[in-house]
Amino acid sequence: MRAVRLKSYAKVNLGLEVLALRDDGYHELRTLFQTIDLHDDVVLRPRPRDVTVRCDHPLVPADGTNLAARAAEALRAYARVSGGVEIEIRKRIPVGGGLGGGSSNAAAVLLGLDRAWKTGLGPAGLHRLARRLGADVPYFLLGGTALGLSRGDEVYPLRHQVRAHVVVVDPGIHVSTARVFARVDAALTPRANSNSIFCFVSRELEGSGRFRVLVNDLEEAALEEAPALREQVRRVRAVLLGEGACLAALSGSGGSCFGLFGGARPAERARAALAGEGFRALVARTLTLDQYRAAWGRGR
Ligand code: C5P
């Protein structure tokens, strides 16, 4: 095995519905995932025996509890590989921001080692290992615009892939996903399934107006969990919508927010306006299923 360099992309949730609490403590979801080209850099270097991890971010564990290290251990045990690997992660995706960075790193390690160790499992063969690592990990085996069902780990690419500019805003507030879901339970009452994602999919030919039907059922719980976030989200959303975003939302359980734009110019205007108000904001682009796959095909 030679050293392998990987790009580990972030996701946003264009919409997220929480349907019910499951017997296993997780929640039954219906979510629309979207990869964006904001990415961490991951380097895999062969080592004789051990799996080790290094990361330049103080909040990311540099031991066996790191999800990327667990991914390598899981594949090594499953495929009976005797060699080890050193995983180096250079973070660009905000940590604990609802952008899926940890899950993406784990999926990148699975895909990268599957190739480097010639275990030949591919996304389909890696799916079981991925879902054991976390609910969002299987999505990152596919990427693009995709529907996530069950715990979010049953993933179906959508025929219509979203192409847009995405302004990502990191308020720097870490929100615990587990605590946000626990808060949702207090408000979760049996109800008829919401149909926002069905409406979105069925309106896919109607232009940017279709994004308005999407909701994020975690938003209120996230804002209760991190009260400092509420005012920030209000201000960010006002700028994004004021600059013409067709969707302005919290990603997953937050704290990162994003706005979706049809063009580079309004996206850049929104980024500049947010930076002017003191927010950390950047412009990314969506990655379609094919673009995500092509990035892997090139060997990265
Ligand atoms: O699977 P993962 O460890 O990424 O999920 C983090 C936490 O989010 C879980 O421990 C669980 O509390 C919550 N969660 C959930 N239902 C889901 C996905 C995540 O309750 N479908």
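How many of the 16 residues of helix 2 are buried? The count is 14, so helix 2 is largely enclosed by the rest of the structure. Hi everyone, and before I go on, please keep in mind that this is a predicted model.

Let me stay with helix 2 for a moment. It runs over residues 101–116. From its first C-alpha to its last it reaches 22 Å, close to the 22 Å expected for its 16 residues at 1.5 Å a residue.

Now for its partner. Two packed helices are described by the angle between their axes and the distance between the axes. For helix 2 and helix 3, which covers residues 122–133, the axes come within 10 Å and cross at roughly 140 degrees. That angle makes helix 2 oblique to helix 3; the roughly antiparallel label would need over 145. The crossing is right-handed. On the helix 2 side, the contact uses Leu110, Leu111 and Asp114, and helix 3 brings Gly122, Pro123, Leu126, Ala130 and Leu133. Sorted by class, that gives six nonpolar residues, one polar and one charged.

Helix 3 also packs against helix 1, residues 67–79, at an angle of about 140 degrees with the axes 10 Å apart. So helix 1 is oblique to helix 3, and it passes helix 3 in a right-handed crossing.

Where does Lys118 sit? You will find Lys118 in the loop between helix 2 and helix 3, just after helix 2. Its phi is positive, about 55 degrees, although Lys118 is not a glycine. With a relative accessibility of 73%, Lys118 counts as exposed, since the cut-off for that is over 50%.

Ser150 is another non-glycine residue with a positive phi, near 65 degrees. Its place, though, is in strand 5, residues 145–150. Is Ser150 buried or exposed? At 13% relative accessibility, Ser150 counts as buried.

One last stop: a cis peptide bond joins Gly254 and Gly255, with omega at about -5 degrees. Gly255 belongs to the loop between strand 8, 247–250, and strand 9, 257–261.

Conventions:
Residues numbered from 1 in each chain as written. Predicted model: local features only at pLDDT ≥ 70, side-chain atom pairs only at ≥ 80, totals over all residues. Heavy atoms only, no water. Axes fitted to C-alpha atoms, helices over the stretch in contact; angles between N-to-C directions. Helix = DSSP H or I, 4+ residues; strand = E, 2+ residues; numbered from the N terminus. Parallel < 35°, antiparallel > 145°, perpendicular 65-115°, else oblique. Left-handed = near helix turned anticlockwise from the far one by under 90°. Contact = heavy atoms within 4.5 Å. Nonpolar A, V, L, I, M, F, W, Y, C, P; charged D, E, K, R; others polar. Expected span 1.5 Å × (residues − 1). Buried < 20%, exposed > 50% of the residue type's maximum accessible area, 1.4 Å probe, protein only.
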